[in-house]
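Here are my notes for a first reading. Please keep the sequence and the model open while going through the points.

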Amino acid sequence: MPYYGFYFDPTYILIIIGAVISLMASAKVNSTFNRYNQVRSMSGMTGAQAAQRILQSQGLYEVRVEHINGNLTDHYDPRSKVLRLSDSVYNSTSVAAIGVAAHECGHAIQDQREYAPLKIRGAIVPAANLGSKACWIFIIGGLLFGANSFLINIGILLFSLSVLFQLVTLPVEFDASRRAVAILGQTGILGGEELRGTRKVLSAAALTYVASAAAAILSLLRLILLFGNRRD
């Protein structure tokens, strides 16, 4: 009897659903960002300037703001205390760019205040990275060695670590966006309609994390349906 994993089987629909959800979320964030990237902020501050002001307002003088190549490759590195802003954010004065910069500042604030979900996510990063790469070695190895359920189940367990990472990421990202909107209003960097526009940009960005988590869960479900009930 051929194994479903090597041929088309009904569970592929789960992968297709995950891919469609991810594509829709990506399209939403790109369209929303592009829309508000055309709206210049009243303050005239760039993303980098807004980030510096937010960090200083929170006493985070040790965090550096740097430029990084790419589009929406913005991120905060807690190990080196560096906030990196992409081409579309660093020198842009748009409402969207300032919102993204503020979101990354939200992560820096989480780091300073030892926000529990951020610490948990950081702790499981090595295991999640290892699990996402090694899981297929065990699953394929299990199939090659006569459908060895022990090896296959180890592979599924390793893959579940990457799913756990996706789930822990959700509260981290939602909280960073919440902090961003609040601080932008408190500091007066944005206000009124500008804040509403920024909230839309960050909400759209949050959908990409929800989509990634959903796709990961669907992939895990497929593995369980295919191999989870096999016996040696």
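1. A contact here means heavy atoms within 4.5 Å. Among contacts between residues at least 6 apart in sequence, 72% join residues at least 24 apart. The model is predicted: local features need pLDDT of at least 70, side-chain atom pairs count only at pLDDT 80 or more, and totals for chains, interfaces and linings use all residues. Residues are numbered from 1 along each chain as its sequence is written, and side-chain values use heavy atoms, with hydrogens and water left out.

2. Overall layout. The protein has 7 helices and 3 strands (DSSP runs numbered from the N terminus, helices being H or I of at least four residues and strands E of at least two). Along the sequence they follow the pattern α-α-β-β-β-α-α-α-α-α. The C-alpha trace spans about 65 × 35 × 25 Å along its principal axes.

3. Surface and burial. The accessible surface comes to about 11,900 Å², and 62% of this belongs to carbon and sulfur atoms (Shrake-Rupley method, 1.4 Å probe; for residues, only the protein chains shown count as cover). Of the 232 residues, 47% are buried (buried is under 20% relative accessible area, exposed is over 50%, and partly exposed is in between, with a 1.4 Å probe and protein chains only).

4. The cores. The largest nonpolar core has 34 residues (a core is a set of buried Ala, Val, Leu, Ile, Met, Phe, Trp, Tyr and Cys residues joined through side-chain atoms within 4.5 Å). Leu 55, Leu 85, Leu 184 and Ile 189 have the most contacts inside this core. At least two residues come from each of H1 (12-36), H2, strand S3 (82-85), H4, H6 (149-187) and H7, and H4 gives the most, with 10 residues. Apart from this core lies another, of 14 residues, including Phe 159 and Leu 226. In soluble globular proteins, nonpolar side chains tend to be buried together.

5. H2 against H4. The axes of H2 (residues 47-57) and H4 come within 8 Å and cross at roughly 35° (axes are lines fitted to C-alpha atoms, for helices over the stretch in contact; angles run from 0 to 180 degrees between N-to-C directions). Leu 55 is one of the H2 residues here; beyond four places in sequence, Leu 55 touches Leu 60, Val 63, Val 65, Leu 83, Cys 105 and Ala 108.

6. H4 against H7. The axes of H4 (residues 95-112) and H7 (residues 193-227) come within 9 Å and cross at roughly 65°. This crossing is right-handed. The residues in the contact divide into 5 nonpolar, 4 polar and 1 charged.

7. Two single residues. Is Ser 162 buried or exposed? Ser 162, in H6, is buried because its relative accessible area is 14%. Glu 66 lies in strand S1 (residues 64-67) and counts as partly exposed, at 26% relative accessibility. Glu 66 and Leu 85 are 19 residues apart in sequence, yet 6.2 Å apart in space, C-alpha to C-alpha.

Terms used: Left-handed = near helix turned anticlockwise from the far one by under 90°. Nonpolar A, V, L, I, M, F, W, Y, C, P; charged D, E, K, R; others polar.
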